[in-house]
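Notebook open, model loaded. Jotting down what I look up as I go.

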Amino acid sequence: MSGSVEHQLPPHLLPDREIHVVISILSGHKKAQEYYDDTLKPLLDSHNVQHSTHTTSSTQSIINLTRSLFVVNATQGVKQTIILLSGDGGIIDIVNTMTTVLNRRNDDTRPPSIFIKPVVVLIPMGTANALAWSCKVAQDPIGSMMKGMPRSLPTFQAQFSPGAKLVVNEGRDRETLTESDDEEGIMYGAVVFSWGLHASLVAMSDTAEYRKHGLERFKMAAGQLLSEGHKYRGKVKWRKAGGDWGELPGSEHSYVLATMVSNLEEHFQISPATKPVDGTLRLVSIGPEPADEIMRLLGLAYQSGKHVTDPKVTYEDIKSLRIEFDEDDERWRMVCVDGKIVAIAKGGWVEATKIPATGMDARRVIEVVC
Ligand SMILES: Nc1ncnc2c1ncn2[C@@H]1O[C@H](COP(=O)(O)OP(=O)(O)OP(=O)(O)O)[C@@H](O)[C@H]1O
């Protein structure tokens, strides 16, 4: 092959790297395989980019691939680029698995001395694609792959009181997060942590039946939940870097969400002040308002994030968010970590904290091209 063709390639596609293409075949409208066959493969082939493909066969596929391949490569100094054809679920599986495995292997929580962050190219194939829209790559993923630069992906940690369980199989089953029931559980995310209406609607709509409706599924679930009018009971505390804990007023809440991205969907701008991978965590919350008022406020998020200037919305740049639950029914103790649902034990708590970019606690494990 001629050197001139290689010249047109960005560094993350050059032959000194292992290139892996991950095809999540059930994401979104199930177009990932077709996109690879019709668009991506011809382009990579035309530039003679050698790559391996990995097609998902279960909800565990990307988790297993991360454990058996991406983590091993990264800790052996192998440069790798992962072209990920999926929704937010795929990136979260990589981030959560890598951070968890690396922390377990290393008592002082720093990455091992040899650690080359995998570079991830996002090709949005999911329903919401929050990270891809927020990183501004969703509009032109191929253009971003060819012209973008790898940048460290900021993440947060969610810590749960003992007994927290992962909700799986369309809400029917529970998986333990820890080896024993008296341990605190930990998960890592890069997009959103929530309780209240957002977490409930994600939990309710993560079924094959709801998924058929694409983005509408979130609105359908929200409509049903708002008609129930539940107010979520608990203490919600937050603090800024170096600051003391403050508390949201009252013991009832409707919407409590902390996010590292600007958009949860293409047009749903939950945090207009957040810039791509800027490492901020922003709290967006609404108190115990009636359903029509919540609808009005969330409707403003579709108008370039205007909800954040409404006096009924709390919008703060924070370091940590802590919730202490006061709900008898498990249904109202469910939190969302990047689309995954965790049921907190009765009387339990959860704390979400931004992971710093540098220093002893720096644990950014991947780079995204944007
Ligand atoms: N072959 C497969 N068999 C079973 N489950 C799969 C398979 N491929 C993907 N999945 C699962 O389908 C889900 C797709 O999630 P993903 O986040 O990629 O898309 P989405 O939910 O449509 O989009 P978004 O998260 O952006 O809204 C994940 O839970 C993933 O593990």
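How many residues does helix H2 have, and how far does H2 reach from its first C-alpha to its last? I got 15 residues (32-46) and 20 Å, close to the 21 Å expected at 1.5 Å a residue. That expected span is 1.5 Å times one less than the number of residues. Helices here are DSSP runs of H or I with at least four residues, strands are runs of E with at least two, and both are numbered from the N terminus.

Ground rules before going on. I am working with a predicted model, where local features need pLDDT of at least 70, side-chain atom pairs count only at pLDDT 80 or more, and totals for chains, interfaces and linings use all residues. Residues are numbered from 1 along each chain as its sequence is written.

**H2, continued.** I found a kink of about 40 degrees at leucine 40, shortly before proline 42. The bend at a residue is the angle between axes fitted to the seven residues ending there and the seven starting there. I noted a general point here: an α-helix has 3.6 residues a turn, so residues three or four places apart point the same way. After H2 comes asparagine 48, with a positive phi near 55 degrees.

**H3.** H3 has a kink of about 40 degrees, centred on arginine 67. Its buried residues are Ile62, Leu65, Thr66, Phe70, Val71 and Ala74. Just after H3, glycine 77 takes a positive phi of about 80 degrees.

**Ligand shell.** Which residues come nearest to the ligand? Of the 19 around it, I list Ser27, Gly87, Gly89, Gly126 and Ala128; to count, a C-beta atom, placed from the backbone, must lie within 6 Å. Helix H4 (88-105) gives the most to this shell, with three residues.

**Glycine 250.** I found glycine 250 in the loop between strands S12 (246-247) and S13 (252-253). Is glycine 250 buried or exposed? It is exposed, because I get 12 other C-beta atoms within 10 Å. Leaving out residues up to four places away in sequence, glycine 250 touches Gly287 and Pro288, where contact means C-beta atoms, placed from the backbone, within 7 Å.

Conventions
A residue is buried if 20 or more other C-beta atoms lie within 10 Å of its own, exposed if 12 or fewer, and partly exposed in between; C-beta atoms are placed from the backbone. Two residues are in contact if their C-beta atoms, placed from the backbone, lie within 7 Å.
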